2 protein chains.
Amino acid sequence: MSFTVNKEIATFGGKLLKLSHESKATNTKMDVNVYLPAQYENDPSATKIPVLLYLSGLECTPNNASEKAFWQPFANKYGFAVVFPDTSPRGANVEGEDETWYLGTAASFYVDSTTSKWSKNYKMYSYINDELQSELASYLTKLDFNNISISGHSMGGYGALMIFLKNPSKYKTVSAFSPVANVHDNKWSELCFANYLGQEKSSWDQYDILKLIKSYNGPTPEILIHLGTKDPFLNELKSKLILDASKGTKFEGKVDYNFVEGYDHSYYYVSSFVDEHAKHHAKYLGLADN
Amino acid sequence: MSFTVNKEIATFGGKLLKLSHESKATNTKMDVNVYLPAQYENDPSATKIPVLLYLSGLECTPNNASEKAFWQPFANKYGFAVVFPDTSPRGANVEGEDETWYLGTAASFYVDSTTSKWSKNYKMYSYINDELQSELASYLTKLDFNNISISGHSMGGYGALMIFLKNPSKYKTVSAFSPVANVHDNKWSELCFANYLGQEKSSWDQYDILKLIKSYNGPTPEILIHLGTKDPFLNELKSKLILDASKGTKFEGKVDYNFVEGYDHSYYYVSSFVDEHAKHHAKYLGLADN
């Protein structure tokens with residue numbers, strides 16, 4: 001299987017590809033945007049371009065972050081690609097998938113569903129962590145999927161941390177904007193997890209970053225986290241629990257947690273700190289600050 | 001009259017205000033976004049903050065450019081404010097104002113209408129050039145409306161050039177992304193001008209930048225223009241006519257015209273060159289490049 005190029009857009013010296021492909025993991029067509037820095041086309045020797053996966057939050061398509069988060073100028077400056085996956089399967093025709101803004105469409109929480117109702121399509125963990133990467137590696141051959149890192153916002157900040165922690169050594173580092181910290185105490189994830197994984201809450205633990213951080217046994221880069229003091233979802237997110245959970249683990253002292261004064265939950269906030277996150281990822285992807 | 005603050009958003013160190021006010025020029029409520037750089041609040045001595053007016057194109061509200069054009073980090077770096085006005089009155093209830101995407105709502109072409117049908121509301125030239133500035137000067141008293149410049153995109157690129165050329169000495173400089181050049185040979189402006197100014201085409205000349213540039217008698221800063229080679233509207237825009245029209249005028253050699261390879265008409269394109277435009281405006285607004 002390969003990709004359809006729906007649009008190719010020159011931006012910030014490089015190129016944004018709006019792609020779609022048929023996913024075996026989700027049994028649906030999936031959209032994904034990929035930003036290629038200038039050297040992807042211009043530098044014949046550039047065959048090992050690092051990749052950042054950026055997971056968006058509830059309600060987003062791949063286009064929101066592509067348009068408003070402003071990763072592109074920094075990706076082009078440092079020389080990494082950015083992959084913007086979708087936030088769920090779409091059009092899977094699962095009953096109720098479009099009824100609640102934090103369940104179903106655009107609300108996958110990046111897990112692999114095990115329930116009969118959702119499991120045919122809602123396999124976003126496998127999609128993001130395996131299928132999408134191997135498909136893109138075959139299609140965009142100058143990208144180096146052995147040198148990757150991961151970031152995300154809100155539900156996607158949770159997804160980035162969860163996927164990083166479940167795969168020691170796979171991702172060079174992780175960062176998150178306003179991540180959902182506790183899937184056992186969050187009305188969004190509680191509804192999703194009950195649907196995708198069932199009522200037995202112990203089955204949720206495999207995706208619980210507050211537990212995963214304690215059992216993690218792998219390299220420990222710094223983890224960069226931002227959260228705005230005026231985030232309207234502070235009570236759902238509880239992002240600081242990640243810093244607290246790192247105490248006594250290999251990540252103690254490695255969580256760079258920033259509670260930034262006055263900022264909210266929007267892309268106006270995310271874009272304001274993308275430069276710092278880009279610098280963080282560039283460092284761990286082995287790219288010089290120029 | 002004053003402004004209602006609908007939202008105040010921390011972004012890139014400064015603050016984006018989403019304002020609305022009752023306009024005497026348009027007889028409607030008007031929305032306007034204003035980005036204030038950090039020193040507006042943080043520097044007690046900053047009482048003379050320069051202002052850039054940014055006029056958006058067809059179909060836009062003040063929010064599109066605020067979210068996608070990426071002026072804010074550069075405005076904050078150099079220390080100027082950015083005013084994002086709306087592109088027309090809204091809800092004026094003029095018959096037909098919502099029927100065609102390039103007539104009426106979001107398609108004012110920034111002129112003062114003289115026809116009985118439109119002239120009660122479609123007075124955007126007076127609104128942008130006079131009323132909005134004096135109202136904002138009273139409301140945001142640290143802004144210096146004696147040190148202003150103007151830019152815009154598409155219809156707004158036309159508007160910026162037209163307003164600059166009609167007001168020698170008022171604006172320190174002007175720049176434009178993909179401006180409509182010839183209002184006498186453009187299906188969008190032809191429909192709008194016939195409606196707003198009447199069928200007598202000589203009445204359009206007062207807003208014709210290709211004529212205004214020839215009669216202009218004032219200071220001549222450089223004019224910065226970008227246009228993408230893959231702009232789908234090349235045949236409507238004909239932006240290069242502005243460079244051609246400058247020959248033999250005071251602006252000969254002063255039009256920095258850039259026909260940029262591969263770029264389209266979207267905010268992906270605009271945002272890619274906003275850094276150059278910001279630097280251009282900062283220079284003429286007397287702000288150091290830091």
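A: For the charge count, Lys and Arg are positive, Asp and Glu are negative, and His and the chain ends are left out. The place of each charge is NZ of Lys, CZ of Arg, CG of Asp or CD of Glu. On that basis chain A carries 28 positive and 33 negative charges, and their mean positions lie 3 Å apart. Keep in mind that this is a predicted model.

The whole chain comes next. Chain A contains 10 helices and 9 strands. Its C-alpha trace spans about 55 × 45 × 35 Å along the principal axes. The radius of gyration is 18 Å, which agrees with the value near 19 Å that a compact globule of 290 residues would have. Of those 290 residues, 65% count as buried. The accessible surface is about 10600 Å², with 47% of it belonging to carbon and sulfur atoms. Take the contacts between residues at least 6 apart in sequence: 73% of them join residues at least 24 apart.

Then the pair. Chain A superposes on chain B by a rotation of 180°, with 0.0 Å of shift along the axis and an RMSD of 0.0 Å. The two copies are therefore related as by a two-fold rotation axis. In chain A, the C-alpha nearest that axis belongs to A:Lys68, at 2.7 Å. Both copies use the same surface: 95% of the contact residues of chain A recur in chain B.

Why call it enclosed? The buried residues of H6(A) are A:Trp188, A:Ser189, A:Cys192, A:Phe193, A:Ala194, A:Asn195, A:Tyr196 and A:Leu197. An α-helix has 3.6 residues a turn, so residues three or four places apart point the same way. What do the buried residues of H6(A) pack against? They pack against two helices of chain A, H5 (155-166) and H8 (234-237).

Start with B:Val34, in strand E3 (residues 29-36). Its relative accessible area is 0%, so B:Val34 is buried. Leaving out residues up to four places away in sequence, B:Val34 touches B:Lys15, B:Leu16, B:Leu17, B:Leu19, B:Val82, B:Val83, B:Leu136, B:Leu140 and B:Leu143. B:Leu52 is 18 residues from B:Val34 along the chain, and their C-alpha atoms are 9.8 Å apart.

Helix H4 of chain B, residues 124-139, holds B:Glu131. From B:Glu131 to B:Lys24 is 107 residues in sequence and 7.9 Å in space, C-alpha to C-alpha. From B:Glu135 to B:Pro179 is 44 residues along the chain, with 27 Å between the C-alpha atoms.

Loops complete the picture. B:Thr47 sits between helix H1 (39-42) and strand E4 (49-55) of chain B. At 42% relative accessibility, B:Thr47 counts as partly exposed. Neighbours within four places aside, B:Thr47 contacts B:Thr141 and B:Lys142. B:Val83 is 36 residues from B:Thr47 along the chain, and the C-alpha separation is 17 Å.

Two loop residues deserve a backbone check. A:Asn93 lies in the loop between strand E5 (81-85) and helix H4 (124-139) of chain A. Its phi is positive, about 60°, although A:Asn93 is not a glycine. With 71% relative accessibility, A:Asn93 counts as exposed. B:Ser169 lies in the loop between helix H5 (155-166) and strand E7 (171-177) of chain B. Its phi is near 80°, again a positive value in a residue other than glycine. B:Ser169 has a relative accessible area of 52%, so B:Ser169 is exposed; the cut-off for exposed is over 50%.

Conventions: Residues numbered from 1 in each chain as written. Chains lettered and ligands numbered in written order. Predicted model: local features only at pLDDT ≥ 70, side-chain atom pairs only at ≥ 80, totals over all residues. Heavy atoms only, no water. Least-squares fit on C-alpha atoms with pLDDT ≥ 70 in both. Contact = heavy atoms within 4.5 Å. Helix = DSSP H or I, 4+ residues; strand = E, 2+ residues; numbered from the N terminus. Rg over C-alpha atoms; globule rule 2.2 N^0.38 Å. Buried < 20%, exposed > 50% of the residue type's maximum accessible area, 1.4 Å probe, protein only. Areas by Shrake-Rupley, 256 points an atom, 1.4 Å probe, with all protein chains shown as cover.
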